[in-house]
Amino acid sequence: MAKQQQQVSAGVEATGRQAASFLLGCVAALTVVLLLERRPEELTRAPMVQFFGGTATRTSSSSSPAAASSSSSSSSSSSSSPPAAGEHAAHRQTTTNAATKPPPPAATTTAAAGDPRLPPPNSTTNHGKEGAASGEAEEEEEEEEFRGLAAAVSRAATADDRTVIVTCVNQAWAAPGSLLDLFLESFRVGDGTAPLLRHVLIVAMDPAAMARCRVLHRHCYHYAPLPGVDFASAKFFLSKDYLELVWSKLRLQRRVLQLGYAFLFTDVDVLWFRNPLKHVTAYADMSVSSDVFFGDADNVDNFPNTGLFHVKPNNRTIAMTAAWHEARQRFPGKNEQPVFNAIKKGLVADLGLRLQYIDPAFVAGFCSYGKDLGKVCTMHANCCVGLRNKLADLRTVLDDWKNYTAMPHWARHQAKWTVPGACIH
């Protein structure tokens with residue numbers, strides 16, 4: 001009996017120790033929670049989430065509360081993306097501690113709005129009222145220059161990832177039997193490319209090209225960046241009008257990014273046989289075709305061809321297109337492709353641009369193309385001067401593709417491209 005009482009007493013004592021340990025653990029956990037809740041404001045401030053799209057990318061980094069409010073309202077009007085998460089919490093904490101805590105330095109606010117290596121945007125803090133007025137005037141000019149573009153891109157873009165395929169034409173390229181006819185035909189006879197036509201936006205650089213586009217296609221946009229400049233006729237390579245034409249396209253591409261859309265730009269002298277988007281990685285900010293490819297998609301020394309490239313909308317790419325356009329002044333008489341090749345390493349190093357190249361076995365051109373018709377997605381009439389020469393060799397390429405698709409599957413490995421005779425001789 002005494003032994004049983006001792007056992008009971010020992011059990012009660014053990015249970016008591018367990019209960020005491022449990023209570024001590026709860027007290028310790030509660031203490032940690034309370035300490036975390038009372039940490040300094042620097043450790044509990046809500047993180048700023050980078051907002052891509054619209055004009056907010058240029059103004060959201062301002063340290064002025066009024067500028068932040070303006071950024072929020074402008075972003076809602078130019079893009080359907082939601083405002084940055086955590087923005088309101090950060091504003092409340094800044095307001096609460098305004099009397100006891102000095103404002104953060106300008107470098108911190110710039111980094112919070114985007115990549116710290118990006119060039120600082122114009123702000124009223126740095127430039128005063130004159131800078132703000134200049135920025136507003138520039139924005140109004142862009143709104144006028146690209147009037148109607150947002151609606152046109154919205155109609156053509158894919159619903160899931162907001163991507164639009166963009167090409168540009170003038171009267172010479174859009175005329176019956178010219179490049180635009182071959183371009184559209186390639187989509188119709190390609191392998192699974194016909195549905196992509198729903199997402200192609202044709203940018204017409206003159207009224208005649210716009211009229212022709214409306215006859216052929218459902219998504220057309222008239223862009224006239226420089227009144228008085230003749231964009232309608234065929235342009236000699238590197239002529240003054242040719243350079244204005246190609247550099248104007250870059251301004252439009254940047255605007256598409258600012259609207260919050262990704263784009264795949266393709267010259268109209270590119271034939272589409274399969275979907276090249278299958279070779280665009282999730283990692284890359286910019287995926288570009290290549291004239292000289294050294295076997296590694298990440299090798300920055302590959303030679304780019306800007307006749308076909310894909311760009312995602314974010315702060316890095318918007319800054320990249322701005323720097324690219326500004327570099328024109330340092331390379332007079334050059335078109336956009338050699339200028340990009342000259343500054344690409346700086347864009348990667350300074351902006352953190354994620355640049356990748358697409359293997360010419362898939363995205364090909366007359367400069368460099370794979371021999372396997374079972375892999376090729378597009379064929380570009382590059383390394384070729386003259387509209388007549390391009391048309392002759394692209395018609396031959398289109399015939400090669402039709403012959404390939406007419407073959408029985410067991411014989412298709414024997415198919416070959418015809419050497420471009422008019423362009424390369």
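Two strands count as paired if DSSP finds at least two bridges between them. Helices (H or I, at least four residues) and strands (E, at least two) are DSSP runs, numbered from the N terminus. The model on screen is predicted: local features need pLDDT of at least 70, side-chain atom pairs count only at pLDDT 80 or more, and totals for chains, interfaces and linings use all residues. Residues are numbered from 1 along each chain as its sequence is written, and side-chain values use heavy atoms, with hydrogens and water left out.

**Stop 1: the sheet**

Select the seven strands that form an open sheet, in the order S3-S2-S1-S4-S7-S6-S8, with mixed pairing. At the edges are strand S3 (220-222) and strand S8 (355-357), each of which pairs on one side only. From one strand to the next, the twist averages 35°. Angles here run from 0 to 180 degrees between N-to-C directions, and axes are lines fitted to C-alpha atoms, for helices over the stretch in contact. Strands of a sheet pair through backbone hydrogen bonds, either parallel or antiparallel.

**Stop 2: strand S1**

Select residues 163-169, which are strand S1. Seven of the seven residues of S1 are buried, where buried means under 20% relative accessible area, exposed over 50%, and partly exposed in between (1.4 Å probe, protein chains only). Thr163, Ile165, Thr167 and Val169 lie on one side of S1, and Val164, Val166 and Cys168 on the other; both faces are covered.

**Stop 3: S2, S3 and two helices**

Now move to S2 and S3, which pair in the parallel sense over three bridges. Val203 has Tyr221 as its bridge partner in S3. Helix H8 (residues 149-156) packs on the sheet and touches S1, S2 and S3; its direction makes about 150° with that of S2. Helix H11 (residues 207-216) also packs on the sheet, touching S1, S2 and S3, and its direction makes about 165° with that of S3. Contact means heavy atoms within 4.5 Å.

**Stop 4: strand S4**

Select residues 262-266 for strand S4, where five of five residues are buried. Ala262, Leu264 and Thr266 are on one side, with Phe263 and Phe265 on the other. How many bridges pair S1 with S4, and in which sense? There are four, in the parallel sense. Two of the partners to display are Phe263 for Val164 and Phe265 for Val166.

S4 is also joined to strand S7 (residues 303-311) by four bridges, and these two strands run antiparallel. Here Thr266 has Leu308 as its bridge partner in S7.

**Stop 5: His310**

Stay in strand S7 and select His310. Is this side chain's residue, His310, buried or exposed? His310 is buried, with a relative accessible area of 6%. Leaving out residues up to four places away in sequence, His310 touches Thr163, Ala262, Phe263, Leu264, Leu277, Val280, Asp285, Met286 and Ser287.

**Stop 6: helices H10 and H15**

Two packed helices are described by the angle between their axes and the distance between the axes. Select H10 (residues 179-189) and H15 (residues 387-406): their axes come within 10 Å and cross at roughly 15°. H10 and H15 are therefore roughly parallel to each other. Angles under 35 degrees count as roughly parallel, over 145 as roughly antiparallel, 65 to 115 as roughly perpendicular and the rest as oblique.

The crossing of H10 and H15 is left-handed; that is, the near helix is turned anticlockwise from the far one by less than a right angle, while clockwise would be right-handed. From H10, show Leu179, Leu182, Glu185, Ser186 and Val189; they meet H15 residues including Leu387, Leu391, Arg395 and Trp401. By class, this contact has eight nonpolar, one polar and four charged residues. Ala, Val, Leu, Ile, Met, Phe, Trp, Tyr, Cys and Pro count as nonpolar, Asp, Glu, Lys and Arg as charged, and the others, Gly among them, as polar.

**Stop 7: helices H13 and H14**

Finish at H13 (residues 315-326) and H14 (residues 336-351), whose axes come within 10 Å and cross at roughly 135°. That angle makes H13 oblique to H14, and the crossing is right-handed. Arg316, Ala319, Met320, Ala323 and Trp324 in H13 meet Glu336, Val339, Phe340, Ile343, Leu347 and Leu351 in H14. The contact of H13 with H14 has nine nonpolar, no polar and two charged residues.
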